[in-house]
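Here is a short report on one protein model. Look at the sequence and the fold first, then read on.

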Amino acid sequence: MNKVWPGDPFITALAKLAQAEWQTEKLLLSPSVRVGRQWIDQATRIAGAILNLRPITLERLLRDLAQPEQTEKDLRYPGEVERLEILREVFQAAREAKTGYYSRLSPNLSVLRSLDATLAHLLRAGVDERRVMAKLPGSAKKKELAFLLRNYREALAKQGFTDPAGVLAAARERLSSLSSQLPLLLVGADWQAALDHRGQEILKAWPTPRKRLLPSAAGEKSPSVHFGVADGALNEAREIFRRLYREKIPLDQAEVVTAGSAGAGFIILAAGEFFANSDGEAPPPGELPLTLAEGIPGSFSHPLRLLQAWLAWLAAGAFPADLAGLTPLFSPKRLEKGNVSPERLAKLLRSLPAAAGAKEILSALENPPSLGEGGDKAAHWGDSDPASRDMLVAFGQEVLSHLEEGATGVLAASRILLLEWGRYAGELDAYVLRALKDDPFFRGDLVPWEDFNPLDWLGRLGEGMRVLGRGPLPGKLFVSGRSGGQSGRPHLLVTGLTENVFPGGAEDPLLPDRERQVLASALPLASQERLRREEWLGRLLARSGAKSLFLSYSRFDLSQGRESFPSPWLTTHRGEAGLDNAPLLPSSPADLWSGRDYWLDQELSAPWVDLAQVTEVFPDLARGEAGRLARASNQLSAYDGGVAAAGTDYLSDTPVLSASQLECLARCPQEYFFRYVLRVRPPDRYQPLDNRWLDYLAQGRFLHQVFQDFLEGLQQKGERADLQRHRPLMDEVIEKQIGFYSLLYPRRDPLVFNREVAYLKETGESFLQMEVELQRHCQPLAFEFSFGKGQDPGPQSIPLPSGRPLLLGGRLDRLDLLDRGGVFIWDYKTGRSGDYLKQDIFAGGSNLQPALYALAYRGLGREPVAGAGYYFPTPRGGGRRISHSYPELELAIPLLDWLTALLAAGKFPFLTLPKYRLADYSPIFRAVGGEKKLEREAAAKGMLARP
C-alpha cells in the first residue's frame with residue numbers, strides 16, 4: 001500500500017477498508033455526492049484504484065430503499081415545481097377560508113419555499129394535523145397550520161405523490177426485509193454525529209455486519225495557533241495569500257475552511273488579485289490555482305452576471321444607459337455575425353432619448369427619433385451605425401417584446417436573453433448553462449400564479465449555484481466549507497469566524513424553536529444546528545493534525561458599514577485553542593505582507609515616518625507629495641494649471657472654440673483645463689424626476705423646436721405675427737411636439753403631465769405675444785444658423801489687438817432683419833433672467849455669447865450687425881428681452897484677448913468668478929485644500945488680473 005497521510009485517520013481508514021473489501025459493493029454516506037467523490041479521490045491517492053464504492057446522500061439512500069414500494073403503489077416523489085404548485089393552491093385555499101395567520105402573507109416565492117421547508121420538517125418527524133391541534137399552543141396559528149398540513153398531504157396523495165414520512169416508513173420496512181443483500185455502508189464518525197433523526201434510524205436499522213463506522217481521531221501534533229482580524233471579508237481572504245507567501249507555504253500544503261457560505265467567493269476574488277499582481281494578468285475563476293470542495297459560485301460566470309445586470313435594469317425600470325451595461329456580456333459570436341462590437345452597441349443605446357422601460361425603448365427602436373432638422377432630410381438615430389441599430393432592433397424584437405406579457409413574458413425574455421444572447425466562455429459558463437437548462441423553472445415548466453414575482457424567483461436562481469467542485473489537487477490551494485474539510489494538509493486556515501456568520505442557524509420564522517420542541521423531539525432546531533456547527537469546528541481542529549492553525553474573523557462589515565464581532569465560539573474557546581496571548585494584529589514587521597504593509601503599519605504605530613522611504617514604496621503618494629510641494633512654491637507649476645505644452649498646441653494648431661468653451665475659460669480656467677484639455681468629465685447621469693414630465697434640457701429642446709416651427713410657418717406664409725390669427729398655428733405646433741415627445745418620454749403621472757403641458761402652452765402664448773410686439777419693427781431672417789468646422793460657412797476668425805488667433809464656431813438660434821437695416825441676433829433662454837440683468841453685461845466672462853456671435857457674424861461680410869441679446873419667452877424668464885448694441889458688445893474684445901493669452905501661455909489657474917459653482921469638480925478641489933486655498937495660491941503666484 002502507498003504511503004498514508006498522517007493526521008487524517010478518516011481518509012486512511014477509508015483507503016484501507018476500500019483496499020481490503022475491493023470486491024464488495026460499498027456505499028459511502030456523505031453530505032453531498034461531490035464531497036463523497038472528493039473523499040474517495042483522497043483515498044485513491046493512498047490505496048490506488050478503488051472499486052465498487054460510490055458516494056450517496058441520506059436523501060438518495062432513503063429514496064433508493066423506498067423505491068420498490070413506491071413503484072408498486074404507483075407513487076412518485078414530487079420535485080420543487082410540483083411542491084410549490086401544490087403549496088400555492090393550498091395557501092390560496094387558506095386565504096379564502098380566512099384562517100388569518102400565515103395566509104395574511106403574500107404567497108410569493110420566499111414564503112412558499114419557507115412553508116415547503118417547514119411542512120417537510122413536520123412530515124419527516126411524523127407530525128400530522130391532529131398532533132398540531134393537540135400540542136401547539138394558541139388557536140389561530142395551530143388551526144391554520146393544521147389546515148395547511150392536512151390539505152398538503154391530501155393534495156400530494158391525490159396527485160400520486162409520496163411525502164417524506166411515507167419515504168422514511170417505506171425505507172424502514174424495506175430494511176427489515178433485507179440483510180445480506182445490502183451493500184456495505186461506510187459512515188464517518190464526524191458525519192454520523194451530524195445526521196438527523198432519519199439518518200440515525202436508518203443507521204440503527206442497518207444490519208451491523210453490513211456497516212462500518214470510520215474513525216475521526218485527534219491528530220498527533222499540537223499545531224502552532226495564530227489569530228488574525230481584518231476589516232472586511234475580502235481583506236480577510238487577502239490575508240490568506242499574504243500568509244502563505246510570507247511563510248513560503250506551497251499552495252498544496254494548505255487548506256482553507258470557510259465558516260460562511262460566501263467565503264469561497266471572497267477567496268476567488270483575492271486569488272485573482274494576488275496572481276494578477278504576481279504574473280501580470282489574473283486567470284479566469286475556473287483556471288485559478290484553487291480547488292474548491294463546494295465549487296465556484298455561479299455568480300462568477302458570464303450567464304449569471306448577465307442575469308444580475310438584467311434584473312437590476314428590470315427592477316429599476318431604468319433608461320437605456322443602464323441597459324447598455326448588458327452589452328459586454330452578449331455573445332461574441334452573435335456580435336461578430338452582426339459585425340458590431342459591445343462598445344459600439346452600448347454607445348448607440350446610450351444615445352437613445354431617455355426612456356423608462358421596455359415599451360418606450362421598443363417604440364424608439366421601431367420609430368427612430370430624428371437627430372437633425374429639415375423634414376424628410378433629417379438624420380435619424382442609428383444612421384451612422386446601421387449594423388448596431390439592426391442588432392438592437394433584433395434585441396428588442398426577440399427579448400424586450402416579451403416584457404409586455406406579464407410574469408410569463410419576463411421569464412420568456414430572460415430565457416431568450418441567457419440562452420440565445422448570453423456569452424459563454426470556458427468550463428464554468430458551460431456548467432452554469434447546463435444547470436440553467438436542467439432547472440424546471442427556467443425551462444418554463446412553471447405556470448406563474450397571480451402573485452408570482454418573476455424577479456424574486458430569477459434573483460434566487462443563482463443562489464447556491466456552485467460548479468466545478470473538486471478535491472485537493474497538486475499545486476492548488478484547497479478551499480472547503482463545513483462539509484468538505486477533510487484534506488489532511490499540514491496548514492489549516494479557518495476564515496469567517498464572525499458573530500453573524502458562525503455558527504449562524506437562524507430560527508424558522510414560520511415555526512420557531514419553542515413551538516418545534518412542543519410538537520416533536522425529532523424536529524430540527526436552530527439551536528441544535530448552531531451546536532452542531534460548533535462541534536464540527538471542534539472536531540475539525542482536533543482531527544486535523546496540522547502543523548499550523550490560523551483562525552480569523554472580520555471586525556468590520558464593509559458592505560453594511562458597521563462593526564462586527566468575533567464568533568461566540570472563538571471568544572469562549574480562546575484558551576482551548578491556544579489563543580490567550582495571540583495578538584490581534586501582526587506584532588512585528590516580519591509578519592507583514594510587503595513593504596507597503598510595513599509603511600502602513602508605521603503610519604498607524606510610529607510617531608514619525610521616513611517620507612522618502614514611504615514614497616519609494618507608494619508611487620501614488622510620491623506623485624501626491626510632488627504636487628503638494630509644487631503648489632506650495634511661488635512658481636506656477638503643472639499642479640497649479642501651468643501647462644506650457646497646451647499653449648504650444650494651441651498656437652500650432654488653433655482649435656475651433658465655442659461660446660460655451662470660452663465662457664467656461666472665463667469662469668474658471670482650471671475647470672476649462674479639466675473639461676476641454678484633459679477631457680475629464682463626470683459621467684452623465686439621468687435621474688427621472690417624480691415631479692416632472694420633461695427634464696430641463698428636454699424642455700429646452702422642446703421649446704426651441706416650437707419657436708422654430710412656428711416662425712418658419714409664418715415665414716412660408718409671408719406674414720408677421722398676429723395674436724388672434726396665429727394662435728391656432730401655435731396650438732398646432734405645440735400639440736405636434738407633445739405627440740412626438742410622448743413617444744420618447746413616458747407619462748409617469750397624469751397630474752404632472754397635465755401641469756407641464758399647461759406650462760408649455762402658457763409659454764407658447766407668451767412667445768406669441770412677444771412676437772407680435774417684436775415683429776412691428778423686424779421680421780425673422782434665419783433660424784439655427786450654424787458656422788464652424790465642417791459647416792458652411794466655416795469657423796470665423798475674430799481679430800484681437802494682440803494678433804493671437806481666435807477661431808469660433810457655433811449656432812445662432814435666430815437672426816432678425818430690422819426694418820431700419822441691419823440684423824439682430826437672438827439666443828433663446830428658457831430659464832430665469834436674473835443672472836443676465838447685471839451692470840457688467842459680460843458678467844466677468846460668463847455671458848460672452850452675444851458678443852462672440854455678433855463679432856463672428858460681422859466677419860462674414862453680410863448684413864451689418866445692429867446688436868445681439870437674450871430672449872426669455874417663458875413665464876419663468878418673465879417674458880424679457882435683454883439686448884445690447886454692437887458698440888457695447890465690442891467692449892468684450894480685451895476680455896477675449898486676455899483669454900487667448902491664457903491659452904497661448906498654457907496657464908489654467910484656479911481663478912473663479914464670484915458665486916460661481918464648480919459642482920462637477922468640487923471633489924477634486926476639496927481634495928487639495930478647497931477653493932479659497934486655491935484662489936490664494938493663484939493670486940500669490942502673480943496671475944494676470946481679469947480685465
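## Strand β6 and its partners

Strand β6 pairs with strand β10 (residues 477–480) in the parallel sense, over three bridges. Two strands count as paired if DSSP finds at least two bridges between them. Strands (E, at least two residues) and helices (H or I, at least four) are DSSP runs, numbered from the N terminus. V256 stands opposite V479 in β10. β6 also pairs with strand β11 (residues 491–495), again in the parallel sense, over five bridges. Here E255 has L492 of β11 as its bridge partner.

How many residues of β6 are buried? Five of its five, so the strand (residues 254–258) is mostly covered, where buried means under 20% relative accessible area, exposed over 50% and partly exposed in between (1.4 Å probe, protein chains only). Both faces are covered. A254, V256 and T258 are buried on one side, and E255 and V257 on the other.

## Model and overall counts

This is a predicted model: local features need pLDDT of at least 70, side-chain atom pairs count only at pLDDT 80 or more, and totals for chains, interfaces and linings use all residues. Residues are numbered from 1 along each chain as its sequence is written, and side-chain values use heavy atoms, with hydrogens and water left out.

The protein has 39 helices and 21 strands. It has 947 residues, of which 49% count as buried. Take the contacts (heavy atoms within 4.5 Å) between residues at least 6 apart in sequence: 77% of them join residues at least 24 apart. The protein exposes about 45400 Å², and carbon and sulfur atoms supply 51% of it. Accessible areas come from the Shrake-Rupley method with a 1.4 Å probe; for residues, only the protein chains shown count as cover.

Axes are lines fitted to C-alpha atoms, for helices over the stretch in contact, and angles run from 0 to 180 degrees between N-to-C directions.

Strand β1 (residues 26–29) and β2 run parallel and are joined by four bridges. In that pairing, R54 of β2 is the bridge partner of L27.

## The five-stranded sheet

Another open sheet has five strands in the order β15-β18-β19-β20-β21, with mixed pairing. β15 (778–787) and β21 (880–885) are the edge strands, and each pairs on one side only. The twist averages 25 degrees from one strand to the next.

Strand β20 (residues 865–872) pairs with β21 in the antiparallel sense, over six bridges. S885 in β21 is the bridge partner of G867. Helix α34 (residues 750–774) packs on the sheet. The helix touches β15, β18 (810–818), β19 (823–828), β20 and β21, and its direction makes about 160 degrees with that of β20.

## Backbone angles to check

Most residues other than glycine have a negative phi. Which sense does phi take at E784? It is positive, about 50 degrees, although E784 is not a glycine. E784 is found in strand β15.

A843 also has a positive phi of about 50 degrees and is not a glycine. A843 lies in the loop between β19 and α35 (849–858). With 13% relative accessibility, A843 counts as buried.

## Surface points

V677, L678 and V680 form a nonpolar patch on the surface. Together they have about 210 Å² of accessible area. Patches are made of residues with over 30% relative accessible area and no salt bridge: like charges are joined within 9 Å, nonpolar side chains (Val, Leu, Ile, Met, Phe, Trp, Tyr) within 5 Å. A salt bridge is a side-chain nitrogen of Lys or Arg within 4 Å of a carboxyl oxygen of Asp or Glu. V677 lies in helix α31 (residues 669–677). V677 is partly exposed, at 34% relative accessible area.

A205 is in helix α10 (residues 197–205). A205 counts as partly exposed, at 37% relative accessibility. A205 and A171 are 34 residues apart in sequence and 10.0 Å apart in space, C-alpha to C-alpha.
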